[in-house]
Structures are given as structure tokens and as C-alpha cells.
Amino acid sequence: MDYLAFLFTGKLPSAVRERQLDFHWEHVDEGVMLLQGKNTQQKNTQQQQNLILSAGIHGNETAPIELMAEWLQDLFEGRLQLKVRLLLILGNPEAIRQGRRYLENDLNRMFSGAHQGFALCDESRRAQRLEQLLMTMMTAQTPSQSCWHYDLHTAIRASLLPTFALIPAPAQQATDAHFRQSLDAAELDAVVYHREKAATFSQFTQDYCGAQSVTLELGKAKALGDNDLTDFAAIDRVIRAAISAQQFARRQKSSIRRFEVLQSILKSQDDFQLHLHDQAPNFSCLQHGQVIASETGRRYQVEPKQVWILFPNAQVKKGLRAGLILGELV
Ligand SMILES: [Zn+2]
């Protein structure tokens, strides 16, 4: 199963349809594939685990898209065993084909109904469709079933801590220690905890599908085919272990650094300015007194002793987030 060829040409290879597999698969919607074991009557714990993997929510973040294509290929060729109900999602198919972050609006600002606040466009329709699909497919679970969601990204800019996880704002459901263990095993450099709800995909699956959800930033975005997938070996091992219901490897790096979002920088005026150099990497440290951003009627200034900046971007549309101010949890 060549997921990418399928995405680009829309044609399923005929060999796939004929092959004997020990799982059922279904092409649910464009870029959305559901795989589940044939013996659905079997009520062991492995069968009750749902796993959602998404990539290409931003169409130019290619390494996770390539990884996902490999996982699917290995499942179809028997090199990877399926022990969960697996939903694979390529988030924004047309943006992926065009190698663009998005066509009209950032898809990852449109979930949990936020798409209703935008004029109809490819992304607002896609957000609504993905919400419908997930609500239907994931609410059919029994209460004893669990659901994990890894939304896989690469960042636009350089990062002093190259790989990190963003955890949506607190959920009703308790944190699954096994899920958090997977983040350690993925050798991530940092975890960032949101304190306010956002319109991201991982927030949506957490709030509406009862999932343990995370957005993963796995390094720098490159063009399709230009990635060295060995750079992504640790997350690759973790996802393969999750698909096959295997134990996660022990972490080799020093402990993950933990941050919380202290404040979102909102761009609400035309004269909005970020007082950082254009290439300031993620996790740049800012000192007390420094003005981070300003616009008519508002100034963002460092108040605690030191803070860190994440996703600074003065070019976002008005009304959107132009950066996050972080504090370190010690
Ligand atoms: Zn992204």
C-alpha cells in the first residue's frame, strides 16, 4: 500500500485489494484510513485500544507524512503487527499535494467548532469533516476502551530544544501513565503544557473523543523526499510499539524539560510588532524587563525572572496567536 502514491493519484493499487491480510482496512475519506483486526469479537485489552495518528495537518510538514506512509506499507507487508484499532489521518490532502502549510487558513486553528467562525474554505470543510468522522468513530467505543492520539508535526523555525510535545489544556479524564511514558521513550527534549483550551486537533480529540492527546513537534520541516527519516528514529520506534502493543524502550537522554504556557501573544492590531529577531529560534530565553511584542494599546513584557518564547510569528492573520510565552516547571 503506497499511501502517498494513493494520495497523489487517487488510485489504489489492485494488488492491495487481493492480498490476504489479518486485518480489515477501510478508506474512510480522503487521506483517512481505518485498520482493525479481523477478530473483532476478541475482547482482550489490545483490541480495546484505539490509536489515532495524524500527519500533514500542515501540508508542508513532510517527515511525519513519510513516516506514516512507511507504517502503512509495513502493516500491509506484514513487517508491522496491528494490535490496535488504528486510524491514520493525513490532515490536509490538497495542501500536502501543493507542499503548502495550508491553502487559505491554518487547519490547526479550526477544531472544536472554531471552523464556524471562518468563511467556507477547504480547511473549514476539512475540519468539520474530520470532526464528524472522529465523533462517529470514536464515540462508538465502550467505556473500557482507551484512545490515544499523536498529532505529528515539524516546526517552521529552528528550535533550541528540537523535539517537543504540546499537551492540550487539562481534560476531565485522568492522565494515562503509559501514554506519558511513550513521550519519554520518544526521547523528546521538552513537554509544554497548555493551560487554556485551543482550537487544535489534539485539543479536539481530547475533549470530544476522550483521547489522551498530544501534538508532537519533531524537528524542522523539509520538502517531501528530502527528510532523513533516521532523524526520527525514536518516535518511529514509539509509534511502532504503540501499533503493535509492545513495551516502550527506556529513555536514554536526560529528563524531559517541562514548561507551561504563561500567556498567548495575540495579534489584534495592524501595527503589531514582535521585538525579536526574525530567526529567533523556539525556546529562546528572554530576560526580565524585555518587551516581547507590542501594538496599539498593548505591550507584552517579561515579568517573571525569565521566560521562553515558542512559535513567534508576527505574520499570522489578525486575531490569531503570534507566539506563546512559557515558564519552566521545576
Ligand atoms: Zn505543524
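The buried residues of helix α7 pack against β3 (49–55), β4 (85–90), α5 (122–138), β5 (146–155) and β8 (212–220); buried means under 20% relative accessible area, exposed over 50% and partly exposed in between, with a 1.4 Å probe and protein chains only. The model is predicted, and local features need pLDDT of at least 70, side-chain atom pairs count only at pLDDT 80 or more, and totals for chains, interfaces and linings use all residues. Residues are numbered from 1 along each chain as its sequence is written, and side-chain values use heavy atoms, with hydrogens and water left out.

**Helix α7**
- Helices (H or I, at least four residues) and strands (E, at least two) are DSSP runs, numbered from the N terminus.
- Seven of the nine residues of α7 (residues 201–209) are buried, so that the helix is mostly covered.
- These buried residues are F201, S202, Q203, F204, T205, Q206 and C209.

**Strand β5 and A155**
- A155 is found in strand β5 and counts as buried, at 7% relative accessibility.
- Apart from neighbours within four places in sequence, A155 is in contact with E217, G219, K220, A221 and N282, where contact means heavy atoms within 4.5 Å.
- A155 and L35 lie 120 residues apart in sequence and 29 Å apart in space, C-alpha to C-alpha.

**Zinc site**
- The zinc ion has as protein donors H58 (ND1), E61 (OE), E61 (OE) and H153 (ND1), at 2.0 to 2.4 Å.
- Donors are N, O and S atoms within 2.8 Å of the metal (3.2 Å for Na, K and Ca); water is not among the atoms, so sites may look incomplete.
- Along the chain, the donors follow the spacing H-x2-E-x91-H.
- The arrangement is irregular because the four donor atoms subtend angles of 58 to 146 degrees around the zinc ion.
- Four donors count as tetrahedral if all angles lie between 85 and 135 degrees; four count as square planar and six as octahedral if opposite donors are over 155 degrees apart and all others between 65 and 115; anything else is irregular.
- Both H58 and E61 are buried.

**Helices α3 and α8**
- The axes of α3 (residues 63–76) and α8 (residues 233–243) come within 11 Å and cross at roughly 40 degrees; axes are lines fitted to C-alpha atoms, for helices over the stretch in contact, and angles run from 0 to 180 degrees between N-to-C directions.
- L67, E70, W71, D74 and L75 in α3 meet I235, D236, I239, R240 and I243 in α8.
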